[in-house]
Amino acid sequence: MCGHIIRTTAAPLFFLHGALKRVLVTGATGFLGRWAMSVLAEHGFDPIGTGRRSDAAPKGFSFIGADLSLPATLDNLPKVDAIVHCAARSAPWGRLADFEQDNVQATENLLRWAESRGVARFVHISTPALYFDFRDQFDVSESTAQGPFINHYAATKAKAERRVLASSILSVILRPRAIYGLGDQALLPRLELAIRAGPLPLIRRGAAVTNLTHVDDVCAA
């Protein structure tokens, strides 16, 4: 499984280009957010980034510092036509309250803000961690039953998805699997460290399989 695309409503092609020009990218200081802004700009869109760390803002783009878990900070954001919501707390462990704040409350606040300002399209970046189980899984569909969830990250991303699906805004949910590419600060650097430490073990004598998703493919979706 390399990822899923879930559409809430069929969209006319003009939504993809032309009618929607100004796009807010949340989590713009992260790997996918930075890449999404570059791809949007290359295709004639006007991306505006937001995130908590203004010191880490991508150079050459408009950026507004904001903590999406605090509704008042969204008042500083400009009017946009669409939103690509990349911001999230992604970790295998941590306090539930922190995941609820960053993954659920932030998404709820952003949706309310978008609904009140007539945003036409909402692209929500989620995760196939929703399906994780301690067994092999093949040909997993988006309708596969979810839960019990492996951790707070998966559980709160599932809750965030439900909020998106309940919104009146035309939306798409993407669940990319293990994103990698130029600028990746997680997957490939860890693999490199493991290689330097010694030969990589062959899991199940090389019979184990997995999927990766290149950041270009996520942005294309």
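## A tour from loop to core

Ala178 sits in the loop between strand 7 and strand 8 (179-180). Strands here are DSSP runs of E with at least two residues, helices are runs of H or I with at least four, and both are numbered from the N terminus. The phi angle of Ala178 is near 50°, a positive value in a residue that is not glycine. Ala178 is described as partly exposed because its relative accessibility is 23%; the partly exposed class runs between buried (under 20% relative accessible area) and exposed (over 50%), using a 1.4 Å probe and protein chains only.

A word on the ground rules: this is a predicted model, in which local features need pLDDT of at least 70 and side-chain atom pairs count only at pLDDT 80 or more, while totals for chains, interfaces and linings use all residues. Residues are numbered from 1 along each chain as its sequence is written, and side-chain values use heavy atoms, with hydrogens and water left out.

Asp139 also has a positive phi without being glycine, with a value near 55°. This residue belongs to the loop between strand 6 and helix 3 (152-166). Asp139 counts as exposed because its relative accessible area is 78%.

Thr26 is part of strand 2 (residues 22-26), and it counts as buried because its relative accessibility is 0%.

Taking contact as heavy atoms within 4.5 Å, and setting aside neighbours within four places in sequence, Thr26 touches residues including Thr50, Leu68, Val84, Cys86 and Leu110. Val84, again not counting residues up to four places away in sequence, touches Val23, Leu24, Val25, Thr26 and Val123.

### The nonpolar cores

The largest nonpolar core holds 20 residues, and among those with the most contacts inside it are Val23, Val84, Cys86 and Ile125. Such a core is a set of buried Ala, Val, Leu, Ile, Met, Phe, Trp, Tyr and Cys residues joined through side-chain atoms within 4.5 Å. Strand 2, helix 1 (31-42), strand 5 (82-85), strand 6 (121-125), strand 7 (170-174) and helix 5 (215-220) each give this core at least two residues. Helix 1 supplies the largest share of this core, 5 residues. Another core, of 19 residues, lies apart from it and includes Ala114, Val119, Ile169 and Ile173.

Ser171 is located in strand 7 and is classed as buried because its relative accessibility is 1%. Ser171 and Val123 are 48 residues apart in sequence, yet 5.6 Å apart in space from C-alpha to C-alpha.

### Salt bridges

The whole structure contains 14 salt bridges, each a side-chain nitrogen of Lys or Arg within 4 Å of a carboxyl oxygen of Asp or Glu. Asp102 pairs with Arg52, the closest N and O atoms being 2.5 Å apart. This pair links distant parts of the chain, 50 residues apart: Asp102 in helix 2 (residues 96-116), and Arg52 in the loop between strand 3 (46-51) and strand 4 (62-65).

Arg89 also forms a salt bridge with Asp102, with the closest N and O atoms 2.8 Å apart. Arg52, Asp67, Arg89 and Asp102 are linked in a network of salt bridges. Asp98 forms a salt bridge with Arg95, with 2.8 Å between the closest N and O atoms.

| Residue | Relative accessible area | Class |
|---|---|---|
| Asp102 | 10% | buried |
| Arg52 | 48% | partly exposed |
| Arg89 | 30% | partly exposed |
| Asp98 | 18% | buried |
| Arg95 | 55% | exposed |

### A patch on the outside

Leu187, Leu188, Leu191, Ile195, Leu200 and Leu212 form a nonpolar surface patch with about 480 Å² of accessible area together. Patches take residues with over 30% relative accessible area and no salt bridge, joining like charges within 9 Å and nonpolar side chains (Val, Leu, Ile, Met, Phe, Trp, Tyr) within 5 Å. The areas come from the Shrake-Rupley method with a 1.4 Å probe; for residues, only the protein chains shown count as cover. Ile195 belongs to helix 4 (residues 187-197).
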